[in-house]
Amino acid sequence: MVYTCKYKSLIGDILLAADEIGLTGLWFGGQKYFANTLLEDYVPQETKILTEAKKWLDVYFSGEEPKFTPPLHPTGSVFRQEVWKILLQIPYGQTITYGEIARRIAVMKNTSQMSAQAVGGAVGHNEISIIIPCHRVVGTNGSLTGYAGGIDKKISLLKLERTDMSRLFVPKKGTAL
């Protein structure tokens, strides 16, 4: 069974979803891929896991780094799971590039290279945003691209974490990573 509840954040309404194992989704209202993995027979009811996720968000949106992680249960391919594990290792207030994640995956798979675009696809389909911090991934040149919740929210989250924004920028429309 999947349960849902809503959370009002400083930067927009959030829908949370969880099963008996852990959090399965965290989406900003109206974002790209909004609740696209949420089963139709969900129950709007707050559970222990959802309460813990809301507590995590309370700490996070107060401008502090949460010292705990609620139980997570993301679903996706083996490749996406590998990318999401790397996202969980990005320190609070820091960023990493799509290319660096691709290099780490290549080392894990003992191959010479991995596509940064494939990594971008996995990052973009992360269903548990903020807690699995896809907002901390940037283009090689410092471009702020590829956040399903919107670039404005990505910038807000990075600023909340007091990330050094001096080398980061929003690319003009039509430019690549």
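These are my notes from going through the structure, which is a predicted model.

**Strand 1.** Strand 1 (3-9) is mostly covered, with five of its seven residues buried. I looked up its partners next. Strand 2 runs antiparallel to strand 1, and seven bridges join them. The two make a hairpin with two residues between them, and I found serine 9 bridged to glycine 12 in strand 2. Strand 1 also pairs with strand 4 (residues 43-44), this time in the parallel sense, over two bridges. There, tyrosine 3 stands opposite valine 43.

**Core.** Which residues have the most contacts inside the largest nonpolar core? I got Leu16 and Ile130, in a core of 40 residues. Strands 1, 2 and 3 and helices 1 to 5 each supply at least two of its residues. Helix 1 gives the most, with seven.

**Helix 3.** In helix 3 (residues 98-108), I have Tyr98, Gly99, Ile101, Ala102, Ile105 and Ala106 down as buried. They sit on the same side of the helix because they cover an arc of only 160 degrees around the axis. What do they pack against? My list reads helix 2 (78-88), strand 5 (96-97), helix 4 (116-124), strand 6 (137-138) and helix 5 (151-160). Last entry: just after helix 3, asparagine 110 takes a positive phi of about 55 degrees.

Terms used
Residues are numbered from 1 along each chain as its sequence is written. This is a predicted model: local features need pLDDT of at least 70, side-chain atom pairs count only at pLDDT 80 or more; totals for chains, interfaces and linings use all residues. Side-chain values use heavy atoms; hydrogens and water are left out. Buried means under 20% relative accessible area, exposed over 50%, partly exposed in between (1.4 Å probe, protein chains only). Helices (H or I, at least four residues) and strands (E, at least two) are DSSP runs, numbered from the N terminus. The arc is that of the directions from the helix axis to the C-beta atoms. Contact means heavy atoms within 4.5 Å. A nonpolar core is a set of buried Ala, Val, Leu, Ile, Met, Phe, Trp, Tyr and Cys residues joined through side-chain atoms within 4.5 Å. Two strands pair if DSSP finds at least two bridges between them.
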